[in-house]
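Dear colleague,

I am passing on the structure below for you to look over alongside your own work. My notes on what was found in it follow.

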Amino acid sequence: TGTGKTAAFAIPMLQRLINDPVARVLVMAPTRELAQQIEDECRTIGKGTGLRSVLLIGGVAIGPQFRDLRANPRVIIGTPGRIQDHMEQGTLDISDVSIIVLDEVDRMLDMGFIIPIREILSKVPAKRQSFFFSATMDPRVRGIIEGFSADPIHVVAKSGDTAENVDQNVVEYRGTIDKIDKLHQLLISDNVTKAIIFDDTQRAVERLANELLARGFKTDAIHGGKSQSQRQRALKRFKDNDVTVLVATDVAARGIDIKDISHVVNYSTPQSYSDYVHRVGRAGRAGRTGFALTFIEN
């Protein structure tokens, strides 16, 4: 996490498109936020190349996506569900795609995208270049890779699970009141400049965000129950320092690249070690030192 993975595939991908005028790219990501971030990075890296892109995600009006697709973009970025929607409506033809990128394959499978992914991959040409990025390599992930690629090369980019520049610790508490009070004390510490706090449900996130607002913290919330525009607005406010505390479900655990997050707080215990790794990876990005604290009831 935080090691420049998007640039690692975007730079050679865009270079290929510049050198080969008929090449097209399809990039799939598990969440709207990650897809949006990938498109933003591609636009930045590819500035001045004249390459057109389209972002296909749910939660937003589909009309502008129809318009962008009619312009025959060479870079297609989106989530599996919306990509499949366009294929079924006949507005997206991927029969000439020469490069595919699946980012966060394990996360997409966790979110139930196995059927859309198989359907989409079955429609791209057999002769293509494929990139599969995954934090874990369990049998499901291996099955997708081996089923849709020939003689794949497995590259391990990092041997450690959690970022070495993230200081990890626990906060012990006794009961609900003690828990929120200790969170309050943590957030008013001098070294907390920007914090993302993870809770386990949409209702819990809203409740905690409202409590922190009532206590005077500049807070916003992000979870799957909010519209895409609300989620983008919350992330922008967080990135622009209009708010310094973002309360989130795991929808924000992967792919959110905000470089100055000083603290990640696991207010609820992650469901899996993989979720923990990706939560923690929101801090200490781009070589900065970060802190991760997990609340444990004593």
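**Cores and a helix pair**

In the largest nonpolar core, which has 26 residues, L26, L102 and L121 touch the most other members; such a core is a set of buried Ala, Val, Leu, Ile, Met, Phe, Trp, Tyr and Cys residues joined through side-chain atoms within 4.5 Å, where buried means under 20% relative accessible area with a 1.4 Å probe, protein chains only. At least two residues of this core come from each of several elements, among them strand 1 (25–28), strand 4 (99–102) and helix 6 (114–121), helices (H or I, at least four residues) and strands (E, at least two) being DSSP runs numbered from the N terminus. A second, separate core has 21 residues, including V171, I197, V205 and V247.

This is a predicted model, in which local features need pLDDT of at least 70 and side-chain atom pairs count only at pLDDT 80 or more, while totals for chains, interfaces and linings use all residues. Residues are numbered from 1 along each chain as its sequence is written, and side-chain values use heavy atoms, with hydrogens and water left out.

Leaving aside neighbours within four places in sequence, L102 is in contact (heavy atoms within 4.5 Å) with M28, M108, I117, L121, F131, F132 and F133.

S98, in the loop between helix 4 and strand 4, counts as buried because its relative accessibility is 13%. With the neighbours within four places again set aside, S98 is in contact with R16, A23, R24, R128 and Q129.

Finally, Q65, F66 and L69 in helix 3 meet R82, H86 and Q89 in helix 4.

Best regards

Conventions: Buried means under 20% relative accessible area, exposed over 50%, partly exposed in between (1.4 Å probe, protein chains only).
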